[in-house]
Amino acid sequence: MEFSNSLSNNMNYLNTKIDVAGNFDIVYRTFYIGEQEACLYFIEGFTQSDAWQKILNSLLSIKAEDMPPDAHEFSKRFLPYGQVGLVKDDVTMINQLLTGVSCLFVNGYDKCLTVDCRSYPARSVSEPEKDKVLRGSRDGFVETLVFNTALIRRRIRDPKLTIEVMNAGESSHTDIAICYFKGRHDENLLTLIKDRINKLKVDALTMNQESLAECIYPHKWYNPFPKFKYSERPDTAAASILEGNIVVLVDNSPSAMILPSSVFDIIEEADDYYFPPVTGTYLRLSRLVISILTLYLTPLWLLFMQNPEMIPSWLQFIRLSEQPQVPLLFQLLILEFAIDGLRLAAVNTPSMLTTPLSVIAGIVLGEYSVKSGWFNSETMLYMAFVTIANYSQSSFELGYAFKFMRLIMLITTALLNFWGFVAGVALSIGAIVFNKTIAGKSYIYPLVPFHISELKKRFFRGRLPHKEK
């Protein structure tokens with residue numbers, strides 16, 4: 001419905017439409033401006049009271065002879081505020097009101113004046129728990145979209161940085177910000193992302209970015225390797241934008257979704273660039289090697305235990321010191337699930353109980369579990385390494401992808417011996433090689449297609465390119 005110049009008609013319609021009587025936090029206040037009745041709608045908790053007090057003091061001093069003939073002229077003369085708009089229909093007005101924008105109606109004007117005096121409830125900017133660095137900035141994204149875009153703008157002070165806002169969800173109307181650098185981004189990918197967001201038919205993005213990711217890339221859900229890189233660090237997001245990537249921010253989510261992302265992009269971390277080239281290269285290569293070890297260590301050890309004659313002479317010390325009471329496969333599988341159980345328990349454990357429960361868990365799963373005969377000490381050792389090494393890279397999604405592939409390799413190796421191990425390795429490599437980014441490009445670029453200069457950049461941290469002035 002388009003608004004009329006009758007304030008009473010507009011109020012009667014809106015009070016029923018947004019159920020003012022049933023919603024205690026939707027507030028309206030009537031008063032007079034230049035002898036014309038006016039009504040202000042706002043959401044309690046979203047409005048800056050100090051800002052509106054100053055605006056109202058100015059509006060209440062307007063005389064009847066000074067009232068302009070239309071809302072546009074009124075906004076120019078009497079609302080010298082940063083973000084003021086004119087809305088002529090109820091759908092747009094209600095959407096803006098529910099996001100926290102204050103809406104002002106004046107009798108005689110057929111448009112609603114929207115004034116952005118929002119003040120979101122939000123936590124302060126702090127270093128993210130998961131994406132910590134040894135050196136570098138200590139700020140991180142929060143759940144408020146405007147704060148997150150400001151953190152990126154602070155780092156890229158260039159008019160070519162473009163931040164477009166869209167929304168999705170028939171009930172939630174969740175704001176989505178698409179950030180890119182003009183001239184460096186993939187225009188086809190940008191068009192694809194915007195087209196898929198526009199075509200979304202969902203009630204709400206209840207899980208924020210995960211809901212959005214599942215909607216815009218529904219293909220190959222069975223492949224556990226992540227299609228996107230997530231980061232809670234604004235410096236990582238800004239660097240990705242400057243490299244030509246597209247960053248998607250979702251309101252109420254403290255992380256950025258970086259597109260497109262290959263497996264090398266996901267393994268990269270900010271520490272690679274906050275240290276000198278030699279140290280950064282060492283950190284990157286060690287992380288890559290450790291990630292490969294977490295995938296293949298326990299299946300390879302199980303293969304050697306099933307075929308002792310395959311063990312080289314210089315590796316004879318990896319043999320079991322005691323005869324296992326429980327088959328090795330079941331030991332490894334039990335530990336895999338037990339570690340996930342401990343991880344979930346750690347998330348839900350009150351902070352005051354974390355230390356004592358960690359000590360108890362260490363004792364129970366350490367010395368006592370070996371003495372009871374359930375596990376061999378060698379099994380505990382290798383699984384402890386895999387568990388700790390899994391945190392050498394920050395992506396939860398990649399860590400669980402390695403875990404699922406490792407479980408498959410353990411089972412195929414136990415059932416089919418050597419050829420089962422080979423089949424498991426082939427399956428894990430195939431899951432990476434035949435995976436595609438959202439842009440439809442290779443997941444292992446620059447290996448396929450091969451690009452020598454880009455491949456060097458993936459493995460070796462070079463110096464920052466610069467030009468002499």
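Select glutamate 35 first: this residue is exposed, at a relative accessible area of 67% (exposed means over 50%, buried under 20% and partly exposed in between, with a 1.4 Å probe and protein chains only). You'll find glutamate 35 in the loop that runs between strand E1 (26-33) and strand E2 (36-43). Helices (H or I, at least four residues) and strands (E, at least two) are DSSP runs, numbered from the N terminus.

A note on what you're looking at: this is a predicted model, where local features need pLDDT of at least 70, side-chain atom pairs count only at pLDDT 80 or more, and totals for chains, interfaces and linings use all residues. Residues are numbered from 1 along each chain as its sequence is written, and side-chain values use heavy atoms, with hydrogens and water left out.

Next, go to asparagine 417, which sits in helix H15. Its phi is near 60°, again positive in a residue other than glycine. Asparagine 417 is partly exposed, with a relative accessible area of 28%.

Why stop at these spots? Because most residues other than glycine have a negative phi, and most peptide bonds are trans.

Now for the peptide bonds. Pick leucine 259 and proline 260: a cis bond joins them, with omega about -20°. Proline 260 belongs to the loop between strand E10 (256-259) and helix H9 (263-267).

Last stop: valine 448 and proline 449, also linked by a cis peptide bond, omega about -5°. Proline 449 is in the loop between helix H15 (396-433) and helix H16 (452-459).
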